[in-house]
Amino acid sequence: MAEKKIRIGIIFGGRSGEHEVSLASAASVIANLDKDKYEVVPIGITKEGSWLLGVEPPQLQAAEQHITSDTNPYENTQQTTAVTLTGDPSLRRLIPVRSNEQLGSEGTLDVIFPVLHGTYGEDGALQGLLEMANVPYVGCGVLGSALGMDKEKMKMVFHSVGLPIVDSHTYRRNQWERTPEEILDAVEEHIGYPCFVKPVNLGSSVGVNKAHDRDELKHAINVAAEYDRKIIIESSIDCRELECSVLGNDEPLASVVGEVVPSNEFYDYNAKYIDGKSQVIIPADIPHITAENVRRWAVQAFLALDLSGLARVDFFMEKETGKVYINEVNTIPGFTQISMYPKLWEASGLSYSQLLDRLIELAIERHEDRQRNRTSL
């Protein structure tokens, strides 16, 4: 008798500035899952936040390209059902939004693989729902996801465990709106130019700008404030950009170290996803001791933030001194076949499909461990 396939829900899209990146990652994940092992259930989340069962990433993208003010772009998407996930752990299933629709066994899932980048998917919001529903899921839990998204709190944790970080200041949007000149003066005094301005809670370099003077700084803060209520401003150093992938739960492993050579002044959204001119060097041409430190610090950061499953950890290496600084973690990194996370593991001896298998195993292991916790006296 053939072994029962694992029914895996792939959640993608979402209400995020990284929506399109998520579609590309999810399409790659779906294409590379072993269909002899898994029954794949695609679950697309529209830009407005609706959950659609059965829609593939290319379908969702095509539908969104035909949006008009007086039409529903999803109504002609075949074999889709509007669904939601209830937080009732006794159900552990998707349920239809419309009362006249029935899902039957179609709503049941053995494990969920979130391929959502940015807000409402990578920040702990979805993970909280999945925890309440008591469904195994790939990746970090609520705390790790939230810390991995919030650059301010992340850096506080890094500093507390002795990881080297660049100087930075964080401001709230309402501070900027009340006292912009004071903030500009403070940045010029304590950070200086050039500097990077970023939304605290976003990834893929969305809303990120490099400022070389006061006018550019003001513009960059205004842009970042459109994406988040917190803005972080970091010192810029003349550096090389290094990346390391981490895989595991309580005993994580680090991949080889890679280097990204951006096509633009820095590794912005265009350099990452559009122009295709950035170079990736795997393994990075750096001293052995530097590579070992990066790998060790990547695991240390993973554990300090209480991450699980996966993360890509990004570093800066100052060109003049060779000093390494940790930049940030990405708890749901890009997952196309040309993305750094799977490429680093491929160079470490783990193929894309094997990596997906391992992530699903880790999700189930973590869920089984959590079931050991008492929830009542």
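Twelve helices and 15 strands make up the secondary structure of this protein, counted as DSSP runs from the N terminus (H or I of at least four residues for helices, E of at least two for strands). Its radius of gyration is 21 Å, close to the 21 Å from the globule rule for 377 residues, so the protein is as compact as a globular protein of that length. That radius is taken over C-alpha atoms, and the rule is 2.2 Å times the number of residues to the power 0.38.

This is a predicted model, in which local features need pLDDT of at least 70 and side-chain atom pairs count only at pLDDT 80 or more, while totals for chains, interfaces and linings use all residues. Residues are numbered from 1 along each chain as its sequence is written, and side-chain values use heavy atoms, with hydrogens and water left out.

**Size and packing**
- The C-alpha atoms fill a box of roughly 65 × 50 × 50 Å along the principal axes.
- Of the 377 residues, 52% are buried, meaning under 20% relative accessible area with a 1.4 Å probe, protein chains only.
- Among contacts (heavy atoms within 4.5 Å) with a separation of 6 or more, 67% join residues 24 or more positions apart.

**Cysteines**
- The whole structure has zero disulfides, a disulfide being a pair of cysteine sulfur atoms within 2.5 Å.
- The cysteine sulfur closest to that of cysteine 195 belongs to cysteine 239, and at 14 Å it is too far for a bond.
- Cysteine 195 counts as buried, with 0% relative accessibility.

How values were computed:
Buried means under 20% relative accessible area, exposed over 50%, partly exposed in between (1.4 Å probe, protein chains only).
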